[in-house]
Amino acid sequence: MRFKCPSLLAAALVAGGPLYGQEAAGDPANGQIAFAQCSGCHSTQEGRPGAGPHLAGLMGRQIGSVEDFRYSDALIQEDRAWDAGLLSAYLTDPRGTIPGSRKTHVLRDSTTAADVIAYLASLSE
């Protein structure tokens with residue numbers, strides 16, 4: 001397959017996943033299993049934050065908008081909503097994607113990140 005815009009392909013590869021705004025291409029069943037490493041800090045049930053905010057309804061939600069969660073100033077100041085591309089970039093390089101973020105856990109494998117994103121997207125449907 002030839003890409004008509006190589007710079008978009010390069011951007012997708014650098015971000016470690018799909019382009020901003022595109023749907024997650026991972027496997028939600030594998031993502032649910034991989035999410036176990038995230039569940040120490042994040043819940044998938046609304047109103048149940050931990051060290052990190054709950055992730056129920058994450059896709060399309062304004063960054064830094066879970067009530068009663070104390071976000072970093074960097075996340076509070078973001079004027080974007082979570083989508084598959086942004087989340088892919090954030091999970092693989094949180095402090096590079098949103099400088100000033102306190103997130104420390106990184107998913108180094110882009111396939112695992114895509115699977116977790118697909119799982120989280122399935123919870124938002």
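Colleague: Which residue has a side chain joined to that of Ser101 by a polar contact?

Modeller: The model is a predicted one. Ser101 sits in the loop between helix 5 (94-97) and helix 6 (110-124), and its relative accessible area is 4%. The polar contact between side chains spans 2.6 Å, and the partner of Ser101 is Tyr90.

Colleague: Is Ser101 buried or exposed?

Modeller: The cut-off for a buried residue is a relative accessible area under 20%. Ser101 has 4%, so this residue counts as buried.

Colleague: How many residues of helix 4 are buried?

Modeller: Helix 4 spans residues 84-92 and is mostly covered. Its buried residues are Ala84, Gly85, Leu86, Leu87, Ser88, Ala89, Tyr90 and Leu91. Out of 9 residues in helix 4, the number buried is 8.

Colleague: Which residue caps the N-terminal end of helix 4?

Modeller: The cap is made by a side-chain oxygen that lies 3.1 Å from the backbone nitrogen of Gly85. The residue that supplies this oxygen is Asp83.

Colleague: Which element gives the most residues to the lining of the largest pocket?

Modeller: The largest pocket has a volume of about 590 Å³. Its lining consists of 31 residues, and His42, Gly52, Pro53, Tyr90 and Lys103 lie nearest its centre. Two elements give two or more residues to this lining, helix 4 and helix 6. The one that gives the most, with 3 residues, is helix 4.

Colleague: To which residue does the backbone oxygen 2.7 Å from a polar atom of the His42 side chain belong?

Modeller: His42 is located in the loop between helix 2 and helix 3, and it is buried at a relative accessible area of 17%. Beyond four places in sequence, His42 touches Phe35, Gly52, Leu55, Lys103 and Pro53. The backbone oxygen in question belongs to Pro53.

Colleague: What distance separates the C-alpha atoms of Gly40 and Ala51?

Modeller: Gly40 also lies in the loop between helix 2 and helix 3 (73-77), and it is exposed, with a relative accessible area of 69%. Along the chain, Gly40 and Ala51 are 11 residues apart. Between their C-alpha atoms the separation is 7.9 Å.

Colleague: What is the phi of Asp68?

Modeller: Most residues other than glycine have a negative phi. Asp68 is not a glycine, yet its phi is positive. This residue is found in the loop between helix 2 and helix 3 and is exposed, at 80% relative accessible area. The phi of Asp68 is about 65°.

Colleague: Which residue has its backbone oxygen 2.5 Å from a polar atom of the Arg102 side chain?

Modeller: Arg102 is placed in the loop between helix 5 and helix 6, and at 44% relative accessibility it counts as partly exposed. Leaving aside neighbours within four places in sequence, its contacts are Tyr71, Ser72, Arg95 and Arg70. The backbone oxygen is that of Arg70.

Colleague: How far apart in space are Arg102 and Leu75, C-alpha to C-alpha?

Modeller: In sequence, Arg102 and Leu75 are 27 residues apart. The C-alpha to C-alpha distance is 9.0 Å.

Colleague: Which residue forms a salt bridge with Glu78?

Modeller: Side chains of opposite charge can pair when their charged atoms come close. A nitrogen to oxygen distance within 4 Å is required, and the count comes to 1 salt bridge. The closest N and O atoms of the pair are 2.7 Å apart, and the partner is Arg80.

Colleague: In which element of the chain is confidence lowest?

Modeller: The mean pLDDT of the chain is 83, and 79% of its residues reach 70 or more. Confidence is highest in helix 2 (residues 28-34), at a mean of 97. Over residues 1-24 pLDDT stays under 50, and the model has 30 contacts beyond four places in sequence for that stretch. The lowest confidence, at a mean of 36, is in helix 1 (residues 6-15).

Key
Residues numbered from 1 in each chain as written. Heavy atoms only, no water. Salt bridge = Lys/Arg side-chain N within 4 Å of Asp/Glu carboxyl O. Helix = DSSP H or I, 4+ residues; strand = E, 2+ residues; numbered from the N terminus. Buried < 20%, exposed > 50% of the residue type's maximum accessible area, 1.4 Å probe, protein only. Polar contact = N/O pair within 3.5 Å; in protein donor to acceptor, adjacent residues only side chain to side chain. pLDDT = per-residue confidence, 0-100. Contact = heavy atoms within 4.5 Å. 1 Å grid on protein atoms, 1.4 Å probe; cavity = no way out; pocket = protein on both sides within 12 Å on 5 of 7 lines; lining within 4 Å. Points joined across faces, edges and corners; volume = space filled by probe spheres on them.
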